Structure formats: C-alpha cells, structure tokens
Amino acid sequence: MPTDRLRGWLVAITLAVIGGMLRFYRLGYPTDEGTPVFDEKHYVPQAWQMLRNGGVEDNPGYELVVHPPLAKQLIALGEWWQGYDSIGWRVSAALAGTLCVLLTVRIARRMTRSTLLGVLAGALLLCDGTSFVQSRMGMLDIFLTLFVLASFGAMVLDRDDVRARMAIVVAQGRVHDSPFGPRMGVRWWRFAAGVLIGMACAVKWSGVYWLAAFGVLSLVWDLTARRAAGTARPWSGVLVRDVGPALWALAAVPVLTYFAGWWAWFASETGTDRYEVGQDIGPGGHFSFVPAALRSLWYYSAHVLSFHEDLTTSKTNPHPWESKPWTWPMSLRPMLYYLNTDSRACGADDCVSSTMLIGTPALWWTSPAVLIWALWRVASRFDWRYAAVLVGYGAGYLPWFLDIDRQMYFFYATPMAPFLVLGITLVLGDVLGPASAGAERRATGLLLVSLYLGLAAANFAWLWPIMVGDPITAAHWNAEMWLPSWR
C-alpha cells in the first residue's frame, strides 16, 4: 500500500466534501408544486408514514408497498431531521451519495495501490451525472448503490487480509502442515461484507444479485490465495476450509440482516399483512412449524413479487421514459424527472427547466471499450482487479436481461456507475504506466489522463443545467439534447 496514509484520507475526505457540496446545491428543487416528483411520490410519503406509525407504512388498502423498508427508513430519518419538505426527503440520499464518493476513492486506492488513482476515481465519480442526480432524489437506488459499493470495499479488504495471513503462514513454513492449507480464522471484513450486502437486499431485492456474485468472487479469491501459497490441494482446501464459513458470512448473515431490516414490521400491530396466519393463511399445513411472523412476511413478499411480475411494458401505452438494459451502458435513454416550460426565469420568453438522470457521455460512452479492455486483461493477464470490477458491474446489469418484458428505467443502472468509474480508473492507470516507467512515458501518460479528466469535468459542467433544474433558453435546451433518444 502507499505510505501516504494521512494524505490518502485527507484527499478522500476533501473529494467527499466537494461531492457533498455539489449534491446539496439547491437540493430542495425541483418539486411538483411542493410535492415529490416521479417515484418520490411512492417512497417519500411512505417514509413519512413510518415516522407516524412506529416504522411501518400504513397502506393496507392497496398493498402498494413494493420494496423492503430500509431505504425508506433512512429517508424517514432525513424527514425527522429536516421536516416533511423537499430538503427533508432528499437529505439522506445526498449524504448516501457523498459517502459513495469517499468509498470510491478508498476502494480505488486499495485496488491500485496508488493515491493518485484513488483521487482520479473520486474525481470521475464527481463528474458522473447518474450518481449525482440520483443522490438528489428521495428514491431508493442511491442507498442500494451505497451498500453494494461498501460491501465490495469490504470484500477487497478481506482479500488483502487473507493474503496477509497466508503470507505469515508461508513465512513460518506451516503452509504444508495440511494438504488443504491453513484455516483462515475469523474474517471480520467478509462478515462486514455480508452485513452490508444484506442491507442492500433490505433496500431492494435486486441486492441478491450482488450477494450471489460476491459469494462466488470470495471463493475464487480464496482458491487463488491457496494456489499462490503452494497449498497441495487448493480446490479441496476451498471446499473443506472456505465454503462453510463463506456460506455463513455471505448467505446466513445477509439473510439475518435482511430480516433485521423488517424490525418495525415484526413489532407492529398494524403492519400490512402482519397477522395473516389464521386469516388468509391457515394455521396448519406443512409449514406450520415456521413462526407465524415469518409466514406472514412470506405471504406479504408474495404480493410484492406479484406486483413486480405484473409490471410489464404495455404494448399499447408504454411509459415514455422506459428504457431496456441494452441502452444502459451508454446511457442512451436517460430519465426525465421534471420539466417546466412555462417559466421566464432565464430572461427569455422560452425558458426550460428540467431535471434529467443522465450518464455523463465522457464516462458512459467509453463503457464498451472499457469492458472489452477489462475482459482482455482478465483473459490475458488474470488481472484480479478488472475481474472484480466486471463482477460488480455485471451483477447490476446482466440479470435484467432475464425478463425483458418487465418495465425498466435507467435509474436501475445507478449501482453500475461506481464500478464503471473503477473500470475507467484501472484503464487510466494502464495509460499512466507503472511508477517504474521512464519519465517521458509517465509524463505522456499523465498528460493523457489529465486531458481525459478535463473532458469529463467539462462534459459534466455542460450538462449541469439540465440535471439541477436551472432555467435555460429553449435553444440551450436543444443544444443539450445530443441524441434523439434523450428527448
């Protein structure tokens, strides 16, 4: 690791503060005449209901509570702190987005062993329109992003910790005491990863995709660690030594954490479907040994699953801003949250004020090249860093192809943003070259990296008005719309 530990933390905190300042700029704007916009209309009032009802939503009539409670509880904390207004229902999301900047810097620094590249990753995330806009909405996806990214960071720390422990065993000459290799003992960072991915699942069920992906990734890293240490039977060592603890840390712990997110529902007397056993659920049957509360939650979850299964694209009346996953990597179909064409605040007769969720083209349009380069590095160099980024990115992207008929939107791609940034950072690290490269090689690489960072920052600044709702002229608005699919 770099020796500038203090400076590493200072620059990470500085970038996070800058990210927070950007996210809190006019955070209360826009609103729909003082009410939430787009899907905020679901989660913001449900969070407010939680404050009044001991932590649960009061929507039994329609059962329109379609996601687990954790993110809404976090939104509720902001409403408790700032009140039921646009600042109150967005402040928690802004703080979550700020933490994502901090995590990205620290994760990139650890993966690359470079403070410079860590700073570069944080700066690129500051320039990403997707994570920026979603951090300013009282919705769920930025919280999913936060917990997935934090879990990924804990996984990287666990990888380093395991190799440090294995190095001690090798140095002491004990690696061949057993053909399976040594036991790794308690792995607190992997335990933390399990808790955090469980929290992601308690925000949205899609967190389970990363749960499965990170579980496989952890075992692959264990295998490579045992092989690198010279274990006689590394595959058997993984099966004997690692699978059981991994199932505990990355399966059982996340499930327990997920249930903990329902604490208020379990404690409630009025939660939706809380006491279905004895009503719509018979008290007997094959599963009568399961506690009634868990059976009721299963019943409730079945209703939620039914809602998602029926949320399909209408062939006669599709949502105007729906997008399919093949458009996400390059942000070809962004999401319009707010549009006002009646104002004259720009000083002209034809003013436009909008908030659009859009990936900065300087970042997102590079994704095909970044993904191809990452695959090449994995195939040719077995580079674990690129492999890890591909796993995190793919877990947020590929599962959506399993049900193409489902109604989807670009904000589902929000958790992909930090992994894209990490991938770009690794590529820029290759462009920069190793520290041992000649001065001319490093100077050329630094120039190219600096030019790209400047391009990303300029692109973000250009899109700024349509992301924060600043009034601009219609001509300026048209200039912002680079592709027909953005309209």
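Reply: A contact here means heavy atoms within 4.5 Å. The model is a predicted one.

Me: Among contacts in the protein chain between residues at least 6 apart in sequence, what percentage join residues at least 24 apart?
Reply: The count takes in contacts in the protein chain whose residues are at least 6 apart in sequence. Of these contacts, the share that joins residues at least 24 apart is 74%.

Me: How many helices and strands are there in the protein chain, and what is its radius of gyration?
Reply: The protein chain has 18 helices and 3 strands. For 487 residues the globule rule gives 23 Å, and the value for this chain is close to that, so the chain is as compact as a globular protein of that length. The radius of gyration is 24 Å.

Me: What does the C-alpha trace span along its principal axes, and what percentage of the residues count as buried?
Reply: Along its principal axes the C-alpha trace spans about 75 × 75 × 45 Å. Buried means under 20% relative accessible area. Of the 487 residues, the share that counts as buried is 54%.

Me: What percentage of the accessible surface belongs to carbon and sulfur atoms?
Reply: The accessible surface of the protein chain comes to about 21300 Å². The part that belongs to carbon and sulfur atoms is 67%.

Me: How far apart are the mean positions of the positive and negative charges?
Reply: The protein chain has 38 positive and 35 negative charges. Their mean positions are separated by 13 Å.

Me: Which residues does Trp328 touch, not counting residues up to four places away in sequence?
Reply: Trp328 is one of the residues that touch the most other members of the largest core. Leaving out residues up to four places away in sequence, the contacts of Trp328 are Ser323, Trp364, Tyr397, Trp400, Met408, Tyr409, Phe410, Tyr412, Ala413 and Met416.

Me: Is Arg385 buried or exposed?
Reply: Arg385 lies in helix 15 (residues 384-395). Not counting residues up to four places away in sequence, Arg385 touches Met111, Thr112, Arg377, Leu426 and Asp430. The cut-off for buried is under 20% relative accessible area. Arg385 has 17%, so it counts as buried.

Me: How far apart are the C-alpha atoms of Val378 and Gly282?
Reply: Val378 is in helix 14 (residues 367-381) and is partly exposed, at 25% relative accessibility. Beyond four places in sequence, Val378 touches Asp383, Tyr386, Ala387 and Leu390. Val378 and Gly282 are 96 residues apart along the chain, and their C-alpha atoms are separated by 53 Å.

Me: Which peptide bond is cis, with omega near 5°?
Reply: Pro30 lies in the loop between helix 1 (5-24) and helix 2 (40-52). The cis bond with omega near 5° is the one from Tyr29 to Pro30.

Me: What is the phi of Arg26, and what is the phi of Phe38?
Reply: Arg26 is partly exposed, at 33% relative accessibility. Arg26 is not a glycine, yet its phi is positive, about 50°. Phe38 is not a glycine either, and its phi is positive at about 45°.

Me: Which residues does Gly207 touch, not counting residues up to four places away in sequence?
Reply: Gly207 belongs to helix 9 (residues 207-229). Its relative accessibility is 0%, so Gly207 counts as buried. Not counting residues up to four places away in sequence, the contacts of Gly207 are Leu144, Ile197, Ala200 and Cys201.

Me: How far apart in space are Pro182 and Thr231, C-alpha to C-alpha?
Reply: Pro182 is in the loop between helix 7 and helix 8 (188-201), and is buried at a relative accessible area of 11%. Leaving aside neighbours within four places in sequence, Pro182 is in contact with Met166, Val169, Arg226 and Arg241. Pro182 and Thr231 are 49 residues apart in sequence, and their C-alpha to C-alpha distance is 8.7 Å.

Definitions and conventions
Residues numbered from 1 in each chain as written. Predicted model: local features only at pLDDT ≥ 70, side-chain atom pairs only at ≥ 80, totals over all residues. Heavy atoms only, no water. Core = buried A, V, L, I, M, F, W, Y, C linked by side-chain atoms within 4.5 Å. Buried < 20%, exposed > 50% of the residue type's maximum accessible area, 1.4 Å probe, protein only. Helix = DSSP H or I, 4+ residues; strand = E, 2+ residues; numbered from the N terminus. Rg over C-alpha atoms; globule rule 2.2 N^0.38 Å. Areas by Shrake-Rupley, 256 points an atom, 1.4 Å probe, with all protein chains shown as cover. Lys, Arg positive; Asp, Glu negative; His and termini not counted. Charge placed at Lys NZ, Arg CZ, Asp CG, Glu CD.
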